[in-house]
Amino acid sequence: MRVALMVTCINDAMFPDAGKAVVRLLHRLGVDVEFPAAQTCCGQPMVNTGYLDEAVPLLRTFVDAFEGYDAVVAPSGSCAGSVRHQHAAVARRSGDPGLVAAAERISPTVYELSEFLVDVLGVEDVGAFFPHTVTYHPTCHSLRMLGVGDRPTRLLRAVHGLRLLDLPAADQCCGFGGTFAVKNADTSVAMGADKARHVRETGAEVLVAGDSSCLMHIGGLLSRQRSGVRVMHLAEVLAATEAAA
Amino acid sequence: MSATFVGMPAFPVAAREALANSQQRRNLAHATSTIRAKRAAVVAEVDDWEQLRLAGAAIKDNTLLHLDEQLLRLEESLTARGATVHWARDAAEACAVVAEVARGHGVDEVVKVKSMATVEIGLNDALAAEGIAAWETDLAELIVQLGDDLPSHILVPAIHRNRAEIREIFLRHMAEAGRPAPADLTDEPARLAEAARLHLREKFLRAKVAVSGANFAVADSGTLVVVESEGNGRMCLTLPEVLVSVVGIEKVVPTWADLDVFLQLLPRSSTGERMNPYTSTWAGVTPGDGPQEVHVVLLDNGRTRALADEVGRQALRCIRCSACLNVCPVYERTGGHAYGSVYPGPIGAILNPLLKGVGVDAQTDSLPYASSLCGACFEACPVRIDIPSVLVDLRAQVVDAHRPSAKPEALAMRAAAAAFGSGARLGALERLSGLAGRLLGSRGRTAPGGRRLLGRVPGPGAAWTDTRDLPRPPAESFRAWWSRTGGRDE
Ligand code: SF4
């Protein structure tokens, strides 16, 4: 099985540790993951702001990078969701039947990390060790767009040493929302402040989620509040081992 | 009444004001979380809820596909049963019909059943201009009307008010509109309801003309349906001699049997009840029973424009249950007024641009962006309107309407698209940002976990850093790490 890592632009440029964690985790599970260096961004920031024309060349880059793999793994519910639910519309916009067909071929091969681990590899205990109290925020796109369900929490519960605490109102949006976070900054922060409050209420040391973008937002608030709560990508927790801890 | 949505600022500005209203934030958080829990509980009782949603969506889609035929059938059935049918292209035409009927009967007041369509067309103001008072009889609409306020919710227009505020409004303003509130009024719900009942009862008994909307209009029988909780609607529908109903053309359903699906979906989604307390149905005129002169105004007012929108036309399935408002995290915090329309919340964010068209005014163009695209609305919608997808499509329409644009946002998007043009170009930019991060040295704070933070960012970035910390760009990007190590640095 040829597996490609779609690291996502935000992890590539801002949160490389999340990408490295996916690589370590997959290596440990015996997957020889490749990183197609042609990849850049799935185009979601443009699509969700209304700039479809600007997203078309990004889709071409995406197709060039990921054509031909059996599976593409993305440590992001949002980016995997964009590929599976929005690339068709971007491709149609291009008016290029070749691009439409390519997008149709690749979309179903793209998995969010927890989907890939549970559905494709068939593992729940990935052999991780993380002796900390953790709470988990299910990001909206993984929850509602992809429907990953309890896959991430099943993976977390199987981590040795980890204590998972329930997050109140977990299914409520954190308020990130891509460019929403700056176009409607006041509303975004009002939502994020409530999310941060719920995280603090749990008393957890670490907030875990499957999207670095949402974590950047909630983590930015938690850090500004001097809460002492750390945010980590799901991949980083699953990659942690006794030796590394 | 002088309160108006006309001239409201764009959503981000209006939202900023609303977010600073702590009383309203508290009222809304309490009200929406209560109704959310009620809805979730009664929806969970229905085993075939998903099938009902699919059926509701399919009936509406099918009707919209043959809307022309269904409307003509409705007109025929209504006429055969003694109603007079009027067609209104827009708000002005619809208001003119109602005013004409009222004038024809020489009245200076009408009583109103709660209706979104009549608020949409600004009927009360139009009638006031003709010297005709339009009295709202739905309790929440009455609170809004007496307070010279604007509705902030589809179902509960005064959701932004609490009991203490309502008492205040009744004490101050009921006398101006008829029977005053008792001087010893308290904020107990029973006392407030009693004051409203006494005040309204006078109006019900006096009024000759009533105005309503309709939740559904059945094409093959000519039946109109109004669903409500208080019974005040039924007073208006049965006591006066003349009844005018303003009905959006998307309210038509083909047969009586189709109501079965919607009367299951609507109450559970809206009030979180298994069944609504009052369901009134009437078809034309029944001699000796109820209004003896019945008019129906079939209203377009942008609906055919929405119907022409391939992605957006699903918004016309909407049965105005308000479930999407109640689950919306944006609505919960900003309230309804920030949307600048009688249709607030997620449905308002798509319906207003669809009815009015984009690229015309900044307020309407701001609405598709008033969402984090979290998808809670789609999940709750009883007729499966994929609101997030419609929002995204409308955003593209807004951007396209302003192309070519030199706005900072458009420039930023083009610059980002260029940066993402190839892996090599992105890698070069990441090396620059990593260098910039390193140049900042050891200054600044550190986030839990050890990431160094960026300070305050100038320009548009300040919208982020004013309220949220942001990590510094890492010294080495992921792609640089991969090309250095091949992914194996263990
Ligand atoms: S869009 Fe759906 S959830 Fe919202 S009011 Fe209409 S029917 Fe109800």
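Which cavity is the space taken by the ligand? In this predicted model, in which local features need pLDDT of at least 70, side-chain atom pairs count only at pLDDT 80 or more, and totals for chains, interfaces and linings use all residues, the ligand takes the space of the second largest cavity. Residues are numbered from 1 along each chain as its sequence is written, chains are lettered from A and ligands numbered from 1 in the order in which they are written, and side-chain values use heavy atoms, with hydrogens and water left out.

A cavity is here a set of points, on a 1 Å grid over the protein atoms alone, where a 1.4 Å probe fits but cannot get out, and its lining residues have an atom within 4 Å of a point; a molecule is taken to sit in a cavity if more than half of its atoms lie within 2 Å of its grid points. Volumes are the space filled by probe spheres set on the points, which are joined across faces, edges and corners. By this rule three cavities of 30 Å³ or more are counted.

The second largest cavity has a volume of about 90 Å³, and of the 14 residues that line it, the closest to its centre are C318(B), C321(B), S322(B), C324(B) and C381(B). Its lining divides into twelve nonpolar residues, one polar and one charged, where Ala, Val, Leu, Ile, Met, Phe, Trp, Tyr, Cys and Pro count as nonpolar, Asp, Glu, Lys and Arg as charged, and the others, Gly among them, as polar. Around the ligand itself there are 13 residues, of which the closest are C318(B), C321(B), S322(B), C324(B) and C381(B), a residue being near a molecule if one of its heavy atoms lies within 4 Å of it. This shell comprises eleven nonpolar residues, one polar and one charged.

The largest cavity holds about 110 Å³ of space, and among its 16 lining residues C328(B), P346(B), S371(B), C377(B) and L391(B) are the closest to its centre. Two or more residues of this lining come from each of α15 (329–334), α16 (345–356) and α19 (387–401) of chain B, with helices (H or I, at least four residues) and strands (E, at least two) taken as DSSP runs numbered from the N terminus. The most is given by α16(B), with three residues, and by class the lining has twelve nonpolar, four polar and no charged residues.

Elsewhere in chain B, four strands form an open sheet of mixed pairing in the order β8-β5-β6-β9, with β8 (252–253) and β9 (278–282) as the edge strands, each pairing on one side only; two strands pair if DSSP finds at least two bridges between them. Strand β6 (residues 223–228) of chain B pairs with β9(B) in the antiparallel sense over five bridges, and E228(B) has Y278(B), in β9(B), as its bridge partner.

Most residues other than glycine have a negative phi, and most peptide bonds are trans. D148(B), in the loop between α8 (139–146) and α9 (163–177) of chain B, has a positive phi of about 45° although it is not a glycine. The peptide bond from R403(B) to P404(B) is cis, with omega near -10°, and P404(B) is placed in the loop between α19 and α20 (408–419) of chain B.

Key: 1 Å grid on protein atoms, 1.4 Å probe; cavity = no way out; pocket = protein on both sides within 12 Å on 5 of 7 lines; lining within 4 Å.
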